[in-house]
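Hi everyone, thanks for coming. I'd like to walk you through one structure today, so let's bring it up on the screen.

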Amino acid sequence: MSYDAIVLAGGAARRLGGADKPALSVGGRALLDRVLDACPDARTTVVVGDRRATARPVHWTREDPPGGGPVAALDAGLRRTTAELVLVLSADLPFLDRETVRALLEAPAAPADPGMDGAMLRDPDGRDQPLVAAYRAEPLRREIALLAAEHGTLAGLPLRALTAELDLARVTSRPLTSFDCDTWEDLAVARARIREHGSVLEQWITAVKTELGIDLPVDTKTLLDLARDAAHGVARPAAPLTTFLVGYAAAHAAATGADPAQAVAKASRKAADLALRWADEAAADSAEQNGSG
């Protein structure tokens with residue numbers, strides 16, 4: 001699906017004391033980078049805000065005047081895009097994921113039904129999130145032009161002045177997906193939630209894959225089972241070393257044309273079988289020694 005992405009990253013962050021909010025980190029990654037990771041296949045990605053280091057290349061622009069508010073910022077980003085479908089996101093969404101982005105892009109109203117103007121996320125409390133949405137570009141441009149003609153400027157206009165004129169479908173948000181970081185307390189909550197037992201491994205693996213520039217499905221259970229077998233059947237230090245060697249073997253196999261996920265699975269099975277044989281041999285030797293004694 002062809003789409004462009006606009007990320008609004010130019011707010012004043014007054015409730016954060018003017019801190020550079022998009023650069024603040026959650027789980028060791030900048031908020032802006034976490035949002036950019038949710039839309040890696042955008043044809044063009046435009047960030048509206050001051051230039052800063054990002055994990056992947058983007059186009060930069062600023063609203064006129066700087067600090068003119070979300071409608072002005074959206075207009076500035078829209079001027080740098082050409083796709084018929086535009087994904088619009090704020091830069092402070094630590095838990096936004098690719099599945100949510102895909103749901104917005106693939107919603108029947110965006111853009112398959114020509115009678116609709118896009119799809120917007122609705123959080124679990126029933127609040128609409130206009131900065132987590134996919135819009136058809138033509139009606140978005142039209143309504144922005146009408147607002148500019150009516151008010152003489154886009155500066156200071158609220159987003160509801162724009163979205164109220166658009167016919168938008170709603171996509172229900174999963175818990176935390178629409179959580180944004182407006183205050184230091186929000187940031188602390190996000191940092192705590194990302195380390196919760198039920199999600200920490202998934203979040204950590206995603207962060208590591210992004211840091212290393214790889215995109216590979218990870219069978220967490222298989223690798224954890226392998227690490228357990230190596231630790232119990234051989235020695236505790238064998239666990240990380242074995243999983244490293246499995247990854248290396250899988251990468252070597254993938255370089256020859258094998259499917260990476262299947263290569264990981266095959267190497268994991270071989271190493272796990274070896275660890276079990278090693279443990280069985282040790283158990284047999286121990287039983288023989290005890291019997292002879």
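Let's start at F95, which is buried, with a relative accessible area of 9%. Keep in mind as we go that this is a predicted model. Now look across to F179: with a relative accessible area of 21%, F179 counts as partly exposed, since the buried class ends at under 20%.

Searching the whole structure turns up two aromatic pairs. In one of them, the ring centres of F95 and F179 are 6.2 Å apart and the planes meet at 65°, so this pair is edge-to-face. And where do F95 and F179 sit in the chain? F95 belongs to the loop between β6 and α3 (98-106), while F179 belongs to the loop between β9 (168-172) and α7 (184-193). They are 84 residues apart, so to speak a link between distant parts of the chain.

The other pair is F244 with Y248: here the centres are 6.4 Å apart and the planes are at 40°, so we call the pair tilted. F244 and Y248 both lie in helix α10, and because they are four residues apart, about one helical turn separates them. Are these two buried or exposed? F244 is exposed, and Y248 is exposed as well.

Helix α9 covers residues 220-233 and helix α10 covers residues 238-255; their axes come within 8 Å and cross at roughly 130°. That makes α9 and α10 oblique to each other, and the crossing of α9 past α10 is right-handed.

Which residues do the meeting? From α9 we have L223, L226, A227, A230 and A231, and from α10 we have A238, A239, T242, T243 and V246. Sorted by class, that contact comprises eight nonpolar residues and two polar ones, with no charged residues.

How many of its nine residues are buried? Eight, so to say α2 is mostly covered. The buried ones are V71, A72, A73, L74, D75, A76, G77 and L78. As for what covers them, the list includes the strands β1 (4-8), β4 (45-48), β5 (59-61) and β6 (85-90), along with the helices α5 (137-151) and α6 (159-163).

Technical notes: Residues are numbered from 1 along each chain as its sequence is written. This is a predicted model: local features need pLDDT of at least 70, side-chain atom pairs count only at pLDDT 80 or more; totals for chains, interfaces and linings use all residues. Side-chain values use heavy atoms; hydrogens and water are left out. Axes are lines fitted to C-alpha atoms, for helices over the stretch in contact, and angles run from 0 to 180 degrees between N-to-C directions. Helices (H or I, at least four residues) and strands (E, at least two) are DSSP runs, numbered from the N terminus. Angles under 35 degrees count as roughly parallel, over 145 as roughly antiparallel, 65 to 115 as roughly perpendicular and the rest as oblique. A crossing is left-handed if the near helix is turned anticlockwise from the far one by less than a right angle, and right-handed if clockwise. Contact means heavy atoms within 4.5 Å. Ala, Val, Leu, Ile, Met, Phe, Trp, Tyr, Cys and Pro count as nonpolar, Asp, Glu, Lys and Arg as charged, and the others, Gly among them, as polar. Buried means under 20% relative accessible area, exposed over 50%, partly exposed in between (1.4 Å probe, protein chains only). Rings of Phe, Tyr and Trp (its six-membered ring) pair if their centres lie within 6.5 Å; planes under 30 degrees apart count as stacked, over 60 as edge-to-face and the rest as tilted.
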